[in-house]
Structure formats: structure tokens, C-alpha cells
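Have the 3D view open as you read.

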Amino acid sequence: MTDHDNDARPQRSARLRAGLLAAAVATALLPAICAGSPVRASPAPGSAAGAGGYLYWSNTTGRILKPGDGMIVRARLNGTDVNQKFITGASLPGMILVYRGFLYWTNVVPLRNGAGTIGRARLNGTDVNQRFITGATMPVGITAAGEYLYWANNGTGTIGRARLNGTDVNQRFIETAQPNGPDAVVAGSGHLYWANDFNIGRANLNGTGVNQNFIADPKGGPAGLAVNARYIYWTNEYQNTIGRANLNGTGVNQRFITGASFPDAMAAGSRYLYWTNGALGYPASRRAIGRARLNGTDVNQRFVANKDFANLHGVAVGPGR
């Protein structure tokens, strides 16, 4: 490992903090928080049922460290009808998940060990429960497969798991290679994938077969993840790109899509990829939801943009109700 690589690991924690909190406070206050979004593979979490679906993402426009100042935003898949306060009362919400008629998200603050929660609501925004699952440690990514939810405990470097009804909680279901991570976690093709600092890990859904270096990524800085029936996708925050590989880890392309602005979370629908441009180190006007076709064409880095975008985190695609 070079001196550059040694230096990059602590730098990445600061970079991720800044991406969610704002550059002025990030390096001093919050460890890495990034949100990917799970995607369907016939079917799987986070993709749309059809053309009438919705795009969801998390945002924080008030005091970012104050519990209750976060919200879940919703728009139509064509980018119209943006509702900045579709769900309110979240606490620095991270990754978003759409699964079996419900919307789930991670609440990262308050910044105390064991203080993080998993929130849940119906897809029409009703029955909001900000403490559906408690006891997580700065949870960031969230995904689902079968009868289980999984989330990334950023404070302990573990993957947690619980049943869909919130019972049988195990906060240390998988130990990851990233002590202060991982970031996104996503389920697909019978596996869990997670974003370590400089690689992508994989395990079977039952927690066995852990491979901490399933896809090596020494300089890109993977954060958000998405999978579908053929590919795994990830955001490269260092390189401002979207990467792609086959589900078996071959055919790695770190520059599948270029031109992003500090991309963090991502999701995949039936026709398009979506990602959040956090724009750390760029003008605030670069904060936006990006979109491209699944084959990497028709790239639009400002598919949805709004002056109220302050701290864009998780993104997911779903049918809505």
C-alpha cells in the first residue's frame, strides 16, 4: 500500500461526513454516512412497479444535527411534483428502502452509541414510526430480502438484521472490514453487498461466505450501491463516477458513468439508474438527483434539482400508493 493509500483512508471518513453534514462541520462531527439504495432483480427492494411510480430521497434542510429536522422527499419518476415534506420528523435520515408496501429509512442522529433507529411508513406517507427498530449505532444503509431487513451500523462496522416486523434484532449479524463503516448495504442475487472504504464486500443472505474484497476499489471510494438481475453498480466519490461490474465481480468498469458531483447514494429502477449529487467541493447549485439509462446513456446530472436541496442522502424507486 502506498503512502497515498494510507492517507486516503482517514481522508475518506472526513469526506463522507462532509457530504452529509456540510463541509464546515463535517470533519469534526460525524463519521462516514452515505446511503445507497437496493434495487429489484425480479422483484427486489427499491425499484418501480411501472411508469406510475415514485422517486424518494432523504434531505435535511434545518439544523442537521438536531433530531427531527430531516425529511423524506417524493417526486414522480419523471421528476415532477416534488414534495419536500412528504414525511417529516426524521433525524439526519440516510438510506431509503422501498419494500413490500413500506418505506424504510435510517435515522443517524442523535450521535450516541446505540441511539440510531430505523424508521418506517406506508408508501402513502401514513403510519410513520421513526423508531420502528432501535439500538442501531449510527445506521446508514438499509436493504431487505425475503423476510428480513438489513442495515449498516456505521459506528460499529457491522451489518444488522431483523425480521420485517421488527423482531429478532441482531445488531452484529455480519462483521465488516471497515471499523467505522460500512456505508451502503444492498441485497440481490441471493447475496448481501456492502461498501467498505476501498472495496465492496459480499456475503450470503444467511451471513456466511463473507468476502471483504469481492470487488477491489483502491482509489474510487465506493459509497452507494445498487444491484439488478445482471449488474452491481456503485458511486465513486473520489472520482465522481458511477462504477459497474457483473454480479460475479468481473468486468469492473470504474467509469461507467462520469461527470457526477460527489455522488453518494444510488438506486436502480426498471429502466434508469438514479444517484444523489452531494456536490461537496462544488457550488450548491450542483446538488441534484442524477439519472441515466441502465446502459449508461442519456446521462442527466440535474434530473431533479431544487434550491432547498441541502444534504441529499438516500434515494430509492418505488410504486407509491
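Two strands pair if DSSP finds at least two bridges between them, and strands (E, at least two residues) and helices (H or I, at least four) are DSSP runs numbered from the N terminus. This is a predicted model, in which local features need pLDDT of at least 70 and side-chain atom pairs count only at pLDDT 80 or more, while totals for chains, interfaces and linings use all residues. Residues are numbered from 1 along each chain as its sequence is written, and side-chain values use heavy atoms, leaving out hydrogens and water.

Start with an open sheet of four strands, ordered β3-β2-β1-β24 with antiparallel pairing. Its edge strands, each pairing on one side only, are β3 (83-90) and β24 (315-318). Inside the sheet, β1 (residues 54-60) and β2 (residues 70-76) run antiparallel and are joined by seven bridges; here Y54 stands opposite R76 in β2.

Now step back to the protein chain, which has two helices and 24 strands. Of its 321 residues, 60% count as buried, meaning under 20% relative accessible area (1.4 Å probe, protein chains only).

Finally, zoom in on Q130, found in strand β7 (residues 129-136). Is Q130 buried or exposed? With a relative accessible area of 17%, Q130 is buried. Leaving aside residues up to four places away in sequence, Q130 touches I87, T88, G89, A90, W105, N107, T117, I118 and G119, where contact means heavy atoms within 4.5 Å.

Note on methods. Buried < 20%, exposed > 50% of the residue type's maximum accessible area, 1.4 Å probe, protein only.
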